[in-house]
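Dear colleague,

Please find below the structure that I am handing over to you. My notes on what was found in it follow directly after.

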Amino acid sequence: MLTEERKSEILKLLEVNDIVKNRDLMSLLDVSESTIRRDLQEMEEENLLSRIHGGARRVIKLEPELTMMEKAVKNTHEKRKIAEYAATLVNDGDYIYLDAGTTTYDMLPYLQGKKCHVITNSVYHATLSVDVGLATVIIGGEVRQKTKSVVSHVSLEQLKLYYFDKAFMGTNGIHVDYGYTTADTYEAKVKNVVISQAQRAYVLADSTKFNKVNFSKIADIDTASIITTTVPKELKQKLLELTTIKEVH
């Protein structure tokens, strides 16, 4: 096996386990300990992993935050499938929270004609919600320039007064150990409060969000169900031990 092939296999193992041991790599790749040590040293120099005693640890790279417009053009087919399914979970009379995000935004056309009440912290969502004829409440507070979401201590205090039948949430990352994460601390706090105030919480996430970590933790995996198109097979069982997952096709 070539050096680059070995390195690729090591990275795949780290994606699943976060930590790998030298002796396991020697057995799996059928090479000597000196070869494994050399590979790991080179990979550490390339910032692909961090060496520890007897093995290596995955390097968690924080994902950069994109604007709403930048997100809107990514994985659009997946997001619409997720949004269409999520909208079927909404019943007449429901009070639902729609988090800021492109997939939750895509739910709104599918909600047209339903007699539900939408509460949101997104300027974009509130506008479209009104346009499709839904009863709409927008949370007060400071508007973030990048995402056009309303997040501040005012938002937090207002949300603590509300209870939701269902909350549909966005996230920047889903990780078995680190939970749901996002880039902004106040956004994370707002999302956390919403999840705690909802009878049922759903995280809508396309396949690119798995095994990613961002700066601020929202909540643990078991606090919300996941709606997605595809869960990486190496992560699926671990996630299913923590929460329910709906894969839409």
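The protein in this predicted model is divided into two parts: domain 1 spans residues 3-58, and domain 2 spans residues 68-247. Taken over C-alpha atoms, the centres of domain 1 and domain 2 are 36 Å apart. Five residues of domain 1 and six residues of domain 2 make up the contact.

The size of an interface is often expressed as the accessible area that is lost when the parts come together. For domain 1 and domain 2, about 450 Å² is buried between them, and 29% of this area lies on carbon and sulfur atoms. On the domain 1 side that touches domain 2, helix H1 (residues 3-17) provides the largest share, with three residues. By residue class, that side of domain 1 consists of three charged residues, one polar residue and one nonpolar residue.

Two residues deserve a note on backbone geometry. Most residues other than glycine have a negative phi. Asp 30, however, has a positive phi, near 55°, and is not a glycine. Asp 30 sits in the loop that runs between helix H2 (22-29) and helix H3 (33-45). Its relative accessibility is 68%, above the 50% cut-off, and Asp 30 therefore counts as exposed.

The second case is Lys 148, again a residue other than glycine, whose phi is positive at about 60°. Lys 148 belongs to the loop between S6 and H8. With a relative accessible area of 24%, Lys 148 is partly exposed, because that class covers values between 20% and 50%.

The loop between strand S6 (135-138) and helix H8 (153-159) also holds Ser 152. Is Ser 152 buried or exposed? Its relative accessibility is 8%, so Ser 152 counts as buried, the cut-off being under 20%. Which residues is Ser 152 in contact with, leaving aside its neighbours within four places in sequence? They are Gly 140, Gly 141, Glu 142 and Tyr 186.

With kind regards

Terms used:
Residues numbered from 1 in each chain as written. Predicted model: local features only at pLDDT ≥ 70, side-chain atom pairs only at ≥ 80, totals over all residues. Heavy atoms only, no water. Domains from an automatic or database assignment. Contact = heavy atoms within 4.5 Å. Buried area = accessible area lost by both parts, 1.4 Å probe. Helix = DSSP H or I, 4+ residues; strand = E, 2+ residues; numbered from the N terminus. Nonpolar A, V, L, I, M, F, W, Y, C, P; charged D, E, K, R; others polar. Buried < 20%, exposed > 50% of the residue type's maximum accessible area, 1.4 Å probe, protein only.
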